[in-house]
Amino acid sequence: MRKAFVVLLALVLGLVLAQKPRVVVGTGSTGGVFFYYGTTLADLINRAGVAEAQPVQTGGSYDNLLLLRDRTNPQANTYYCALTTTDSAYVAYTGEEPRFRARKADSQRVMFYMYPSFIHIVTTEKTGIRVVQDLAGKRVSTGQPGSSTENLALMVLQAAGVRPESFAKRERLPVAEGAKALSEGTLDAFFWVGGVPTGSIVELSTSLARKGDRVHLIPIDPRSTTAQVALRRFPGLLEPTVVPRTVYNTRGDVSGLNTGNIVVCPESLPAEVAYGIMRAVFENLETLRTSVAAARDTSLENTARLFGRLVIPFHPGAERYLRERGVLR
């Protein structure tokens with residue numbers, strides 16, 4: 001009887017070991033770049049045969065990092081990887097974000113750089129809103145509860161001296177719903193931290209044009225107090241940028257701030273799987289870039305620039321791939 005049990009146990013263990021690891025990719029809300037990027041990433045992993053990958057729709061960075069921390073189960077061969085902004089990854093890793101204070105997401109490891117995300121503050125020309133301070137007394141969405149968008153929106157508002165309590169109405173909508181509400185006139189402005197271009201805002205621009213209106217992105221001058229507070233809060237993680245007028249058909253180019261976006265996986269993800277994911281991505285970059293315009297900034301060189309800039313370590317499998325490709329010495 002004991003011998004039969006040992007044989008059965010060996011067979012079960014053999015089956016588990018023979019199974020491909022399950023990699024769950026936390027993405028974002030529908031209409032945002034995370035959703036499309038994560039879905040394409042999972043498809044590339046599946047095509048390469050590295051793992052059984054599944055994208056899941058989430059509220060964004062913090063949801064994804066919570067899944068990585070709480071749902072990864074090496075015993076079940078299941079690993080949650082996260083699409084996240086660099087600022088979110090940083091405060092989750094250090095425990096500065098309240099949801100990670102008791103238990104940090106310090107098992108996360110960097111895989112690669114995706115693209116920069118712009119802090120969009122979106123309104124229309126007809127609202128008359130021109131600067132952040134004009135949001136007082138207006139109907140404003142600050143992004144989904146607990147999202148990176150909401151955290152950065154609140155930081156920008158605080159730096160600009162605007163209290164959310166001063167809004168005529170505060171909403172907490174994902175980007176697609178925010179754009180729809182703005183188009184229908186039930187919202188005056190919304191915050192969104194996402195890649196450029198973001199599809200929902202491109203669609204909004206088209207919708208407004210049919211009504212004789214156009215998108216207005218509220219600028220953040222890099223010399224302003226608002227920008228300086230943000231840059232000090234996340235040194236090396238935020239940077240000034242300009243969105244060209246052609247992106248959303250704005251009246252002019254728009255100054256603002258970018259945060260980076262990265263893919264992180266748990267430290268427990270086997271090194272050979274992490275290496276395989278890197279190969280699946282960087283040997284199929286054109287497929288990724290065809291599917292997601294923002295992926296034009298996904299590159300080995302941009303990934304290598306993160307090395308040493310982030311307190312979060314790289315995954316050993318990812319680091320090995322970068323060294324083999326000659327972008328890390």
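**Figure 1. Contacts of serine 166 in the predicted model.** In this predicted model, serine 166 is in contact with Ala136 and Gly137, when its neighbours within four places in sequence are left aside. Serine 166 is placed in the loop between α5 (148-159) and β6 (169-171). Along the chain, serine 166 and alanine 136 are 30 residues apart, yet their C-alpha atoms are 5.3 Å apart in space. The relative accessible area of serine 166 is 25%, so this residue is partly exposed.

Figure 2. Serine 255 has its place in strand β10. With neighbours within four places in sequence left aside, the residues in contact with serine 255 are Phe118, Pro219, Ile220, Pro222, Thr241 and Val242. A relative accessible area of 28% makes serine 255 partly exposed. Valine 110 is 145 residues from serine 255 along the chain, and a separation of 29 Å lies between the C-alpha atoms of these two residues.

**Figure 3. The disulfide between cysteine 81 and cysteine 265.** A disulfide is a covalent bond that joins the sulfur atoms of two cysteines. One disulfide is present in the structure. Cysteine 81 and cysteine 265 form this disulfide, with their sulfur atoms 2.1 Å apart. Cysteine 81 belongs to strand β3 (residues 78-85) and cysteine 265 to strand β10 (residues 254-266), so the pair ties together parts that lie 184 residues apart in sequence. The torsion about the S-S bond of cysteine 81 and cysteine 265 is about 110°, and the disulfide is therefore right-handed. Both cysteine 81 and cysteine 265 are buried.

**Figure 4. Packing of helix α10 against helix α13.** Two packed helices are described by the angle between their axes and by the distance between those axes. Helix α10 (residues 271-282) packs with helix α13 (residues 316-324) at an angle of about 50°, and their axes are 7 Å apart. This angle makes α10 oblique to α13. The crossing of the helices α10 and α13 is right-handed.

**Figure 5. Residues at the contact of α10 with α13.** On the side of α10, the residues that take part are Ala271, Ala274, Tyr275, Met278, Arg279 and Phe282. In α13, they meet Gly317, Ala318, Arg320, Tyr321, Leu322 and Glu324. The residues of this contact comprise eight nonpolar, one polar and three charged.

Note on methods
Residues are numbered from 1 along each chain as its sequence is written. This is a predicted model: local features need pLDDT of at least 70, side-chain atom pairs count only at pLDDT 80 or more; totals for chains, interfaces and linings use all residues. Side-chain values use heavy atoms; hydrogens and water are left out. Axes are lines fitted to C-alpha atoms, for helices over the stretch in contact, and angles run from 0 to 180 degrees between N-to-C directions. Helices (H or I, at least four residues) and strands (E, at least two) are DSSP runs, numbered from the N terminus. Angles under 35 degrees count as roughly parallel, over 145 as roughly antiparallel, 65 to 115 as roughly perpendicular and the rest as oblique. A crossing is left-handed if the near helix is turned anticlockwise from the far one by less than a right angle, and right-handed if clockwise. Contact means heavy atoms within 4.5 Å. Ala, Val, Leu, Ile, Met, Phe, Trp, Tyr, Cys and Pro count as nonpolar, Asp, Glu, Lys and Arg as charged, and the others, Gly among them, as polar. A disulfide is a pair of cysteine sulfur atoms within 2.5 Å. Buried means under 20% relative accessible area, exposed over 50%, partly exposed in between (1.4 Å probe, protein chains only).
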